[in-house]
Amino acid sequence: MKVKDQVLDVIVSDFPARSSLRPLLVIAPAKKYLMDGRLFERIANEAASLGYYLVRFNWSFTKQGVEPKLDLMAEANELSAVREHYTKEPFIDRKRVILAAKSFGSKVAMRGPYKGASAVLFMAPNCDAKETFSEIYGPLLNGPKILNITISTFDPNCDVNQIYKSANSFDKNRVTIHTLYGGHNFENSDGRDFNENTAVSSMVNWLHNLILTP
């Protein structure tokens, strides 16, 4: 897919027949954890089996081998362009366009692309002492969109205590949080994958409930 003068690598997962309107799920990668990462592949396969039309892609800076600019606007434009491109497909339910973003991708989403989604899933979102969770994600936390946050309690890129402190203002009917063990990619220190299994199961359960809700 081409965005302005950049070509983005894209993977589409589409299992069921296109006989009815389908919810769209766009997965935005992290800075180094790319679209073919096992976590994304598992979510894509399971969500597609539920009836989602799945789109994964890589940022253009990945192919160029350069660092993104601090304002993240080029990446925000790429994410919005991918969502808009696939939302135009005639078999997509435009009322059910879900944006999933991991780590760096969640910060990109907050530069504007989240506004075009009906629901948002953040995997291991970023925060620190200078850019707190509330400061980065406040517009989404305090807005009307359905949101799920899945993060490890040991994630080195965001202190979950910042998320817990923000929870007082969460609408329990709109925002769900799942904290679990593991590292930034929900990995186990001993190489096993039961933390990843738990994370995937939780996120797919959230995605399933989205399309079960009238």
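Buried means under 20% relative accessible area, exposed means over 50%, and partly exposed is in between (1.4 Å probe, protein chains only). The model shown is predicted, so local features need pLDDT of at least 70, side-chain atom pairs count only at pLDDT 80 or more, and totals for chains, interfaces and linings use all residues. Residues are numbered from 1 along each chain as its sequence is written, and side-chain values use heavy atoms, with hydrogens and water left out.

**View 1. T150 sits in strand β8 (residues 146-152).** Helices (H or I, at least four residues) and strands (E, at least two) are DSSP runs, numbered from the N terminus. T150 has a relative accessible area of 0%, so this residue is buried. Its side chain meets that of N148 in a polar contact of 2.9 Å; such a contact is a pair of N or O atoms within 3.5 Å, where, within protein, one must be able to donate a hydrogen and the other to accept it, and residues adjacent in sequence count only if both atoms are side-chain atoms. Setting aside neighbours within four places in sequence, T150 is in contact with residues including L121, M123, H178 and M203. Here, contact means heavy atoms within 4.5 Å.

**View 2. Strand β6 (residues 92-102) is mostly covered, with 8 of its 11 residues buried.** Two strands pair if DSSP finds at least two bridges between them. Strand β4 (residues 22-28) pairs with β6 in the parallel sense over 6 bridges, and A28 has A101 of β6 as its bridge partner. Strand β7 (residues 119-123) also pairs with β6 in the parallel sense, over 5 bridges. There, look for A100 opposite L121 of β7.

**View 3. I211 lies in helix α7 (residues 194-212).** Its relative accessibility is 22%, so I211 counts as partly exposed. Leaving aside neighbours within four places in sequence, I211 is in contact with P23, L50, Y52 and R96.

**View 4. Ring pairs link F57, W59, F61 and F104 into a cluster.** Rings of Phe, Tyr and Trp (its six-membered ring) pair if their centres lie within 6.5 Å; planes under 30 degrees apart count as stacked, over 60 as edge-to-face and the rest as tilted. By this rule the count comes to 9 aromatic pairs. One of them joins W59 and F104 edge-to-face, at 5.9 Å centre to centre with 85° between the planes. This pair links distant parts of the chain, 45 residues apart: W59 is in the loop between β5 (53-57) and α2 (60-64), and F104 is in helix α4 (residues 104-109). W59 is buried, with a relative accessible area of 1%.
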